[in-house]
Amino acid sequence: MSTIDDNAREIAGLALQRLEKAKGRRVMIAIAGAPGSGKSTIAEGVVDVLNAGGGEPAALFPMDGYHYDDAVLEEMNRRPFKGAIDTFDAHGLRHMLGRLKANEDDVIAVPVFDRAIEIARAGGRLIPQSVDIIVCEGNYLLAGQSPWNRLKPIFDLTVFVDVGEDDLRARLRNRWLGFGLAEDEINRKVEENDLPNGRFIISTSTEPDLRIGNPGSGHILTN
């Protein structure tokens, strides 16, 4: 059974293969999966493996920075369903991915989602031109419907993290428990939002270059 570390090393190895073939061009990696699948933890592990030799040839870029603001979601009557595919700025994300891939600027500021306040912080992370590999992680990177289907061609390697629903439920409950939410609010978030979104992601994502498993519910994992 593969571990998170095994998965991270496998993806990092494939990323380096893509970089060798890119002949000086920046390489973009996508890691997608349902909420609670552990894709964020795996993506962080990939970046750690790639940067272990010294320097920072790889950087992490989570798509969660492209959540619509809560005020916008209130106007849309979608605040309770934050995390659904229509609660993200798909076009903004696509343009940023294109800018990152082109790598024409000396540094690029990207937004980062602050889970403690559930709000994206503009310019929350700086990615310098010297970075060779961008590891992007997010729920809908492989979504098949327009305009999300315009993302996949940007990536040089696509990965999907497969996790069963029982494990997803256990991890999601652990996540919200960690934020001190009441039981009824945890049930609402998990059963009415997170798991329906997860089922949608699993059933509608296009086929990746690589599928990896991440079973077991003994660890609290981010996305």
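Trainee: Which residues of β7 form its covered face, and which its uncovered one?

Mentor: Before answering, note that this is a predicted model, in which local features need pLDDT of at least 70 and side-chain atom pairs count only at pLDDT 80 or more, while totals for chains, interfaces and linings use all residues. Residues are numbered from 1 along each chain as its sequence is written, and side-chain values use heavy atoms, with hydrogens and water left out. In strand β7 (residues 210–213), the covered face holds Leu-210 and Ile-212, whereas Arg-211 and Gly-213 belong to the uncovered one. For a single residue, buried means under 20% relative accessible area, exposed means over 50%, and partly exposed lies in between (1.4 Å probe, protein chains only). Helices (H or I, at least four residues) and strands (E, at least two) are DSSP runs, numbered from the N terminus.

Trainee: In what order do the strands of the open sheet stand?

Mentor: Two strands pair if DSSP finds at least two bridges between them. Here five strands form an open sheet in the order β2-β5-β1-β6-β7, and their pairing is parallel. At the edges stand β2 (58–62) and β7, each with a single partner strand, so one side of each has no neighbour in the sheet. On average, neighbouring strands are turned by 20° against each other, direction ignored; such angles run from 0 to 180 degrees between N-to-C directions, and the axes are lines fitted to C-alpha atoms, for helices over the stretch in contact.

Trainee: Over how many bridges do β2 and β5 pair, and which helix packs on the sheet?

Mentor: The parallel pair of β2 and β5 has five bridges, and within this pair Leu-60 is opposite Val-135 of β5. Helix α4 (residues 90–102) packs on the sheet and touches β1, β2 and β5, its direction making about 170° with that of β2. Touching, or contact, means heavy atoms within 4.5 Å.

Trainee: How many residues of β6 are buried, and which residues are its bridge partners?

Mentor: Strand β6 (residues 157–162) is mostly covered, since five of its six residues are buried. β6 pairs in the parallel sense with strand β1 (residues 27–33) over five bridges, and Thr-158 of β6 is the bridge partner of Ala-30. With β7, the parallel pairing of β6 runs over four bridges; there Val-159 is opposite Leu-210, and Val-161 is opposite Ile-212.

Trainee: Is Val-163 buried or exposed, and which residues is Val-163 in contact with?

Mentor: Val-163 is in the loop between β6 and α5 (165–178), and Val-163 counts as buried because its relative accessibility is 11%. Apart from neighbours within four places in sequence, the contacts of Val-163 are Ser-37, Leu-168, Arg-171, Ile-202 and Asn-214.

Trainee: At what angle do the axes of helices α1 and α2 cross?

Mentor: Two packed helices are described by the angle between their axes and the distance between the axes. For helix α1 (residues 4–22) and helix α2 (residues 39–51), the axes come within 8 Å and cross at roughly 55°. That makes α1 oblique to α2, given that angles under 35 degrees count as roughly parallel, over 145 as roughly antiparallel, 65 to 115 as roughly perpendicular and the rest as oblique. The contact involves residues of α1 including Ile-4, Ala-8 and Leu-16, and residues of α2 including Ile-42, Val-46 and Leu-50. By class, this contact of α1 with α2 has nine nonpolar, three polar and one charged residues, where Ala, Val, Leu, Ile, Met, Phe, Trp, Tyr, Cys and Pro count as nonpolar, Asp, Glu, Lys and Arg as charged, and the others, Gly among them, as polar.

Trainee: How do the residues in the contact of α5 with α6 divide by class?

Mentor: The axes of α5 and helix α6 (residues 183–204) come within 10 Å and cross at roughly 140°, and the two helices are therefore oblique to each other. Among the residues that meet are Leu-168, Arg-169 and Trp-176 in α5 and Ile-186, Asp-194 and Ile-202 in α6. The contact of α5 with α6 divides into eight nonpolar, one polar and eight charged residues.
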